[in-house]
Amino acid sequence: MKSQRALFAILGLCLGSAPTQTVLNAAGDVATVHRTADGWRREHRIIDLHQHIDSTPEHLVRAVQIMDRVGIGIAVNLSGGTTTHPGDAPSEFGRNKQLADQLFPGRFIHYMNLDYTGWDQPDFSERAVRQIEEGNRLGAAGFKEYKRLGLYLRDGAGQLIKIDDPKLDPVWKRCGELGMPVPVHVADPKAFWLPYDQTNERWKELSRPSEPAGACMDRRDARAAGSAGAAKAGGWNALAVESVSS
Ligand SMILES: [Zn+2]
């Protein structure tokens, strides 16, 4: 009986050793790759320079779960908020940064945004510069401008505020002095200005209820009227979001 078992065992080894060994090797290889990759990620701490995260605990938790899965060590949240604050209350930027720093220390860097309230007042530029300085004091690593200039942000007379408006020059200058990078989103994808029909590559996106065609066409007109000057704004990154160049 014993010798029979031994024979089966030997047979089993002979017949099954090759595929079993292959599986074991493959599993070992995968484990090794995981270990190597995890070590590499820990060491390199990939930085995602372009995130827009609503600063709620739920969104931050979700963001970190995704970051951990794909190996991102640090995220730059470009939606840090403005530094405007009523009285002694903390600003949106201050609150957002504090929450992220509390929940996930070292995982998020924040860029600030500009509050355009009072654009038509003569001292807007000075107040805007003070916003930048306040952001810098609170720990803003940079200043992000959304693609609203030349698209829909308007002055009191209804004119689009353009990216090369001289009133904004002191803002760009102060950011430079403080060493704060300025990423600017300019315009919309090209397809937003092409005929709105089934040949449009963004047909489905444009037909979503949240993005009605009429609004998109308005934006096309707005862009033609308002953002031609964006090309002059050298030092930033994009005229059209699909043809990013430095
Ligand atoms: Zn963005």
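User: How many helices and strands does the chain have?

Analyst: The chain has 7 helices and 4 strands. Here helices (H or I, at least four residues) and strands (E, at least two) are DSSP runs, numbered from the N terminus. Keep in mind that this is a predicted model, where local features need pLDDT of at least 70, side-chain atom pairs count only at pLDDT 80 or more, and totals for chains, interfaces and linings use all residues. Residues are numbered from 1 along each chain as its sequence is written.

User: And what pattern does the chain follow along the sequence?

Analyst: Reading along, you get α-β-α-β-α-β-α-β-α-α-α.

User: Is strand β3 buried or exposed?

Analyst: General idea: a residue is buried if 20 or more other C-beta atoms lie within 10 Å of its own, exposed if 12 or fewer, and partly exposed in between, with C-beta atoms placed from the backbone. In β3 (residues 108-112), 5 of the 5 residues are buried, so the strand is largely enclosed by the rest of the structure. Phe108, His110 and Met112 are buried on one side, Ile109 and Tyr111 on the other. For the chain, 22% of the 246 residues count as buried.

User: Which strands pair with β3?

Analyst: Two strands pair if DSSP finds at least two bridges between them. Strand β2 (residues 72-77) pairs with β3 in the parallel sense over 3 bridges, and Asn77 has His110 of β3 as its bridge partner. Strand β4 (residues 142-143) runs parallel to β3, joined by 2 bridges. There, Met112 stands opposite Phe143 of β4.
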